[in-house]
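Subject: Structure handover

Hello,

Here is the structure I promised you. Please open it, then read my notes below.

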Amino acid sequence: MALRKIVIRGDEILTKQCKPVTKITDRIRLLCEDMLETMREADGVGLAAPQVGVMKRLFVCRPELEKFDQEYVMINPEIIETEGEQESAEGCLSVPGYIGLLKRPERVKIKAMDLDGEIKEYDFSGFAATCIMHENDHLNGIIYPDIAEEVYTTEQYNEMMAEVVAENEEGEN
């Protein structure tokens, strides 16, 4: 296994549609292992193939914060159902130093192939649904700043959150 270089916003590969995986080969397995290792090393919750320069419809993720060790490989994913809406604050390994505010579904059902070639369905909600939608967007050439309502530097966002906390504390007194 090896760490892969993460592609940064501005590289046109992040704006392109990915091609389906036609067969689970040793190269695909190695790519997925490398992507998992790269995601862990970068302390990310997801990583899509175009973020490491590969135009294949697959991503890896660990979207469930309460089960952070549970990792998924999603090959040729298909969103089959969404429900509700939630506010989302998102960062991205390909957009370092920024946080975007956008609306995402509260719940998402996804169908994807795993590394054994089995098609499985998964149901995610809350933060996990946001993670799935974010990574799936990468496969369609979409990065969150393209669809965000607002984009802030990490410093600006942290200052805003500190103000919210301070206001809430004042309101409690």
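A residue is called buried when its relative accessible area is under 20%, exposed when it is over 50%, and partly exposed in between (1.4 Å probe, protein chains only). Of the 173 residues of the protein, 45% count as buried.

Some ground rules come next. This is a predicted model, where local features need pLDDT of at least 70, side-chain atom pairs count only at pLDDT 80 or more, and totals for chains, interfaces and linings use all residues. Residues are numbered from 1 along each chain as its sequence is written, and side-chain values use heavy atoms, with hydrogens and water left out.

Now the overall picture. The protein has three helices and eight strands. Helices (H or I, at least four residues) and strands (E, at least two) are DSSP runs, numbered from the N terminus. From that end, the order is α-β-β-β-β-β-β-β-α-β-α. The radius of gyration, taken over C-alpha atoms, is compared with a globule rule of 2.2 Å times the number of residues to the power 0.38. The protein has 17 Å, close to the 16 Å from the rule for 173 residues, so it is as compact as a globular protein of that length. Along the principal axes, its C-alpha atoms fill a box of roughly 60 × 30 × 25 Å.

Next, a sheet. Strands of a sheet pair through backbone hydrogen bonds, either parallel or antiparallel. Here, three strands form an open sheet in the order 4-5-8, with antiparallel pairing. (Two strands pair if DSSP finds at least two bridges between them.) Strand 4 (86-90) and strand 8 (150-153) are the edge strands, and each pairs on one side only. Strand 4 and strand 5 (residues 98-104) are joined by five bridges. Glutamate 87 has lysine 103 in strand 5 as its bridge partner. Helix 3 (residues 154-172) packs on this sheet and touches strand 4, strand 5 and strand 8. Touching, or contact, means heavy atoms within 4.5 Å.

Last, one residue. Is proline 50 buried or exposed? Proline 50 is buried, with a relative accessible area of 0%. Proline 50 lies in the loop between strand 1 (46-48) and strand 2 (58-61).

Best wishes

Conventions
Axes are lines fitted to C-alpha atoms, for helices over the stretch in contact, and angles run from 0 to 180 degrees between N-to-C directions.
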